[in-house]
Amino acid sequence: MSSKGAVYVAIAAAIGNMLQGWDNATIAGAVLYIKKEFHLETQPTIEGLIVAMSLIGATVITTFSGPVSDNIGRRPMLIISSMFYFTSGLVMFWSPNVYVLLIARLLDGFGIGLAVTLVPLYISETAPSEIRGLLNTLPQFTGSIGMCLAYTMVFIMSLKDNASWRMMLGVLSLPSIAYFLLTLFFLPESPRWLVSKGKMDEAKIVLQWLRGKEDVSGEMALLVEGLEVGGTDTSVEEYMIGADNELNDDHVQDKDQIKLYGAEEGHSWVAKPVRGQSSLILASRQGSMTAPMVDPMVTLFGSVHEKQNENGSMRSMLLPNFGSMFAQEQHKPDNWDVESSLEKGNLSDDDDDNNLKSPLLSREATERDVGVPGSKPGETTAAMGIGGGWQLAYKKTDDGNKGGGLKRIYLHQEGGAALESRRGSMAALGAGGDGDPVRAAALVSRSVLCLDNVTGENPIQTGTIKPPPSAKKGPSWSDLSEPGIKEALIVGVGIQILQQFSGINGVLYYTPQILEQAGVGLLLSSLGIGPESASFLISGLTTLLMLPSIGVAMRLIDIAGRRMLLLTTLPVLLTSLVVLVLSNMIEMDSMTHAVISTISVVVYFCTFVMGFGPIPNTLCSEIFPTRVRGLCIAICALTFWVGDIIVTYTLPVLLTTIGLQGAFGIYAIVCAISWFFVYFKVPETKGMPLEVITEFFAMGAKKTN
């Protein structure tokens with residue numbers, strides 16, 4: 001697999017979530033023995049604090065983890081997380097009294113907060129768009145594995161007469177060492193963060209390793225473009241793309257043609273604007289006329305995926321293996337910046353006004369761009385594949401000689417399956433042979449690649465890159481007022497709130513009681529297993545049931561999509577909660593009640609981890625622009641932790657006031673609200689490059705406003 005580097009990196013990063021799951025399980029078992037040693041039977045507040053300190057620590061550190069990661073990088077924060085895990089494990093193992101234990105639990109919460117906030121962000125920024133959803137489900141999978149392993153360990157230790165809670169909690173330090181070594185020596189820095197800081201050479205090296213190929217020019221261009229979102233100046237156009245001699249002038253508007261160049265010498269394509277009715281254009285003009293309450297942004301995203309679903313293909317066969325004006329040659333081209341000769345591997349210099357000056361524009365890669373039949377001075381562009389069936393192209397505008405004269409074009413072909421059936425003819429098209437032209441929709445906006453000192457006919461060949469103004473400043477709270485970012489925050493914060501209030505903590509709390517009623521406890525006691533050990537074993541079996549369902553989610557999230565998985569699984573969650581409510585309202589014998597409740601709980605767990613478990617964090621890591629991604633992720637994660645605390649500490653109150661059926665009835669109502677929220681507000685992001693996703697949010701916000 002060409003992206004095996006990205007897979008290895010995602011697995012290594014997700015160990016941080018495995019340690020979170022491990023801690024959640026071990027403290028649930030250890031607290032029983034802690035209570036006995038420190039005589040906390042009459043001090044429920046201290047007992048509750050021992051469990052809650054990790055939540056408090058995670059909430060506190062989340063408030064600034066995102067902005068700090070935007071400034072110093074994702075990788076250093078993951079290293080710090082592993083150090084917190086390791087230190088807290090040692091202190092918990094040593095704890096001579098309850099107060100030292102509370103401090104250790106706070107440090108543990110710091111590690112958990114950093115991992116939960118930054119691992120999904122890191123995976124999204126390093127993963128290819130085609131498997132980003134699968135890799136972002138790994139934290140859910142590894143977290144469940146950690147819980148299962150920890151419950152197994154606690155169960156085995158509980159069978160002994162002298163079970164040690166210090167050993168249960170201190171074991172956390174051992175896997176933390178492995179996590180620390182991986183973050184320190186194996187995990188690279190996020191290439192998107194490196195580009196945002198002007199470290200172009202480092203970003204290129206990381207991308208080459210992550211993608212398993214030398215030519216990462218297309219994605220390098222995409223990362224630079226991601227530093228700014230087109231916003232209000234973005235327009236939607238449509239083109240016919242084919243060989244130079246294919247397009248009939250009768251169908252072409254009086255606009256500049258676009259020349260696209262393949263990786264092989266002499267291969268080129270031509271794109272010409274046409275008057276068309278692509279699904280993307282219709283969505284951009286009409287919004288949600290068929291469903292007036294649906295957010296226009298959701299309609300825009302859906303217009304792309306409708307064609308993919310109809311044609312049964314997500315993979316673009318258009319213009320495979322694009323060559324690029326951003327070609328990465330082994331030798332230094334003539335216009336290589338002076339700083340590139342340094343062996344430091346980056347171009348970041350705080351005193352330099354042009355942090356992003358870099359030899360992205362290689363002379364040799366564009367020499368063949370000039371003199372192609374049909375091209376005109378100032379009208380030549382280059383294109384490259386950026387994943388998910390999208391292509392990135394550039395064209396010169398009238399003010400090109402003054403700098404800032406490039407338009408970026410995100411291309412997406414209409415009808416993927418038809419293209420796939422003609423894959424073998426692409427070489428003939430590129431060489432000027434026969435073949436059918438391809439229709440493609442395009443998002444056109446101002447490029448952040450500003451060209452100065454243009455001397456030749458082709459500005460791409462001789463220009464010098466200047467960074468966008470936003471690259472000079474860090475994330476700012478004022479950035480959150482941008483319409484596209486506000487729309488994304490509504491989606492991210494909203495789905496995090498609804499996830500926490502959908503009942504997962506309540507069902508986890510109630511599961512041991514349900515399984516005890518089902519007779520599992522009696523069966524285990526007949527085998528000589530005490531009630532405490534039985535509860536650990538039951539909890540371990542419950543988490544074990546989650547793993548196959550998470551595997552199903554990993555398989556479907558990049559095929560069916562995030563939105564479809566949520567819309568499909570939420571009704572099942574609602575149904576299982578309604579059945580639980582009814583089983584506690586209707587009189588029935590204990591065995592029938594236990595069987596119905598057990599089935600409902602198992603269905604709830606398995607369905608939750610297929611949809612509402614992993615997808616909120618996945619979405620939140622995808623929908624924000626690069627420059628504020630850390631800040632916005634922190635806001636969403638803070639919402640997650642605050643909601644977790646509220647639900648955890650209101651559940652006992654709800655159970656004593658309105659009973660189990662009342663509490664679960666509230667959770668069922670939240671699940672119903674969640675379905676409508678997803679249907680009307682949450683877009684489908686599967687297979688789309690992160691930079692294209694943020695462009696769509698900006699367009700959708702423009703239509704809303």
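In which helix is the place of S539? S539 sits in helix α22, residues 531–556. The legends below take this site and several others in turn.

This is a predicted model, in which local features need pLDDT of at least 70, side-chain atom pairs count only at pLDDT 80 or more, and totals for chains, interfaces and linings use all residues. Residues are numbered from 1 along each chain as its sequence is written, and side-chain values use heavy atoms, with hydrogens and water left out.

**Overview. The protein chain has 28 helices and nine strands.** Helices (H or I, at least four residues) and strands (E, at least two) are DSSP runs, numbered from the N terminus. Of the 705 residues, 61% count as buried. Buried means under 20% relative accessible area, exposed over 50%, and partly exposed in between (1.4 Å probe, protein chains only). Among contacts with a separation of 6 or more, 81% come from residues 24 or more positions apart. Contact means heavy atoms within 4.5 Å.

**View 1. S539 is in helix α22.** S539 is buried, with a relative accessible area of 16%. Its contacts are Y151 and P512, leaving aside neighbours within four places in sequence.

**View 2. Helix α2 spans residues 15–37.** α2 has 23 residues and reaches 32 Å from its first C-alpha to its last, close to the 33 Å expected at 1.5 Å a residue. The expected span of a helix is 1.5 Å times one less than its number of residues. At A30, α2 bends by about 35°. The bend at a residue is the angle between axes fitted to the seven residues ending there and the seven starting there. α2 is mostly covered, with 17 of its 23 residues buried.

**View 3. H39 follows α2.** H39 is found in the loop between α2 and α3. Its phi is near 55°, a positive value in a residue other than glycine. H39 is exposed, with a relative accessible area of 56%.

**View 4. Helix α3 bends by about 45° at V51.** The 29 residues of α3 should span 42 Å at 1.5 Å a residue, and its end C-alpha atoms are 41 Å apart, which agrees. Just after α3, G73 takes a positive phi of about 115°. P67 also belongs to this view, with its place in α3. P67 touches G630, L631 and A634, not counting residues up to four places away in sequence. The C-alpha atoms of P67 and R627 are separated by 9.9 Å, yet these residues are 560 residues apart along the chain.

**View 5. Helix α3 (residues 44–72) packs with helix α4 (residues 74–94).** The angle is about 140°, and the axes are 7 Å apart. Axes are lines fitted to C-alpha atoms, for helices over the stretch in contact, and angles run from 0 to 180 degrees between N-to-C directions. α3 and α4 are therefore oblique to each other. Angles under 35 degrees count as roughly parallel, over 145 as roughly antiparallel, 65 to 115 as roughly perpendicular and the rest as oblique. From α3, I61, S65, V68, S69, D70 and I72 meet R74, P76, M77 and F84 of α4. By class, this contact has six nonpolar, two polar and two charged residues. Here Ala, Val, Leu, Ile, Met, Phe, Trp, Tyr, Cys and Pro count as nonpolar, Asp, Glu, Lys and Arg as charged, and the others, Gly among them, as polar.

**View 6. S176 lies in helix α9, residues 173–185.** S176 is buried, with a relative accessible area of 0%. Not counting residues up to four places away in sequence, S176 touches L19, S82, Y85 and F86. S176 and G16 are 160 residues apart along the chain, with their C-alpha atoms separated by 8.3 Å.

**View 7. Helix α11 covers residues 200–211.** Nine of its twelve residues are buried, so α11 is largely enclosed by the rest of the structure. Buried residues of α11 include M200, D201, K204 and R211. The buried residues pack against α1 (4–13), α5 (98–126), α10 (191–196) and α12 (217–225). G212 follows α11, with a positive phi near 70°.

**View 8. L498 is found in helix α19, residues 483–500.** L498 is buried, with a relative accessible area of 14%. Leaving aside neighbours within four places in sequence, L498 is in contact with F612, V670, I673, S674 and F677. L498 and F612 are 114 residues apart in sequence and 9.2 Å apart in space, C-alpha to C-alpha.
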